[in-house]
Structures are given as C-alpha cells and as structure tokens.
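Please examine the protein shown below. The paragraphs that follow proceed from the whole chain to particular parts.

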Amino acid sequence: MGADADGDEWAPCGRGSLVRVVHLRPAVPVVHVQGRLDHTTAPAVQKFVLEVLATSPWAVVLDLRALTDLAPDAVPALVELAYVAGDADIGLYLVTTDPVVAHVLAAASVHRLFEIHPDIDSALRTMGQPQ
C-alpha cells in the first residue's frame, strides 16, 4: 500500500489496480479506483466495494476518473454492484470524465443501471433529489 499526497492509503486490488475509500459526508463513502479494470482486477475491486456496501451506507460514490482502462469483461462486476446496491436501497453513483466508460456500459446495454457524473461534487449534489 502507498499513501497519496493527502496521506490516504491505496490498497492493491489485483495486478494493475488500486482502490481507496474516503468519507466526504457521513454515510457516503467515496471509493476511488485507479489503474485497469478488467477480468483480472474487477473481482478484487468488486469485493472491496461489496465490503463498503455491507456497512450499509446511505450512498456510495465510485470514482472511476483515475481508470486507465475499462475492459468490457469488467462490466459484470459493475452490474453486480449496481444490483447489490439497489437491493439494499443504497444509491450508487459513478464518477468519470472518460466517455469510454459510458460507451462500454452502453455497449453492454447496462448503462441505465448507473447514474454517471463528471465529478464528485455533481454526484453529491444530486443525492436525495428526485430523478
């Protein structure tokens, strides 16, 4: 594990992927994912986020802005997270500025499962507002 400039710890999640969680609001963890998200790293990232969801937060922000690659074979892990969050009535918000993420989700016909925002502030502003 390594720390970033803020002292936050990054945990390895498979080869080529790191995750960390920070709390910007009570009961709203932000999970940052860095590196590749593919069939080799997605299970570890999924397990990490499932552990966060198991704490019964009000919402989870999944920050994918530091992804270097989202492979189509990682989509099932994201879909599982969406279903687990939905079943638990926990909001799941994706943050990304990379159009490839939306394209990969759309190509898999699962983009409607996700609320995608360009930054964390945008995701936080929409929490609790009618959609």
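What percentage of the 131 residues in the protein do buried residues make up? Buried residues account for 46% of the 131 residues, where buried means under 20% relative accessible area with a 1.4 Å probe, counting protein chains only. This is a predicted model, in which local features need pLDDT of at least 70 and side-chain atom pairs count only at pLDDT 80 or more, whereas totals for chains, interfaces and linings use all residues. Residues are numbered from 1 along each chain as its sequence is written, and side-chain values use heavy atoms, with hydrogens and water left out.

The protein contains four helices and seven strands; helices (H or I, at least four residues) and strands (E, at least two) are DSSP runs, numbered from the N terminus. From the N terminus on, their order is β-β-β-β-α-β-α-β-α-β-α.

Two of the helices can be considered together. The axes of helix α1 (residues 42–53) and helix α2 (residues 75–87) come within 9 Å and cross at roughly 10 degrees; the axes are lines fitted to C-alpha atoms over the stretch in contact, with angles running from 0 to 180 degrees between N-to-C directions. Therefore α1 is roughly parallel to α2, a description that applies to angles under 35 degrees. In this contact (heavy atoms within 4.5 Å), A42, Q46, V49, L50 and L53 of α1 meet A77, E80, L81, V84 and A85 of α2.

H117 lies in strand β7 (residues 115–117) and is buried, with a relative accessible area of 6%. Leaving aside its neighbours within four places in sequence, H117 is in contact with Y93, L94, V95, T96, S122, A123 and T126.

Methods:
Buried < 20%, exposed > 50% of the residue type's maximum accessible area, 1.4 Å probe, protein only. Parallel < 35°, antiparallel > 145°, perpendicular 65-115°, else oblique.
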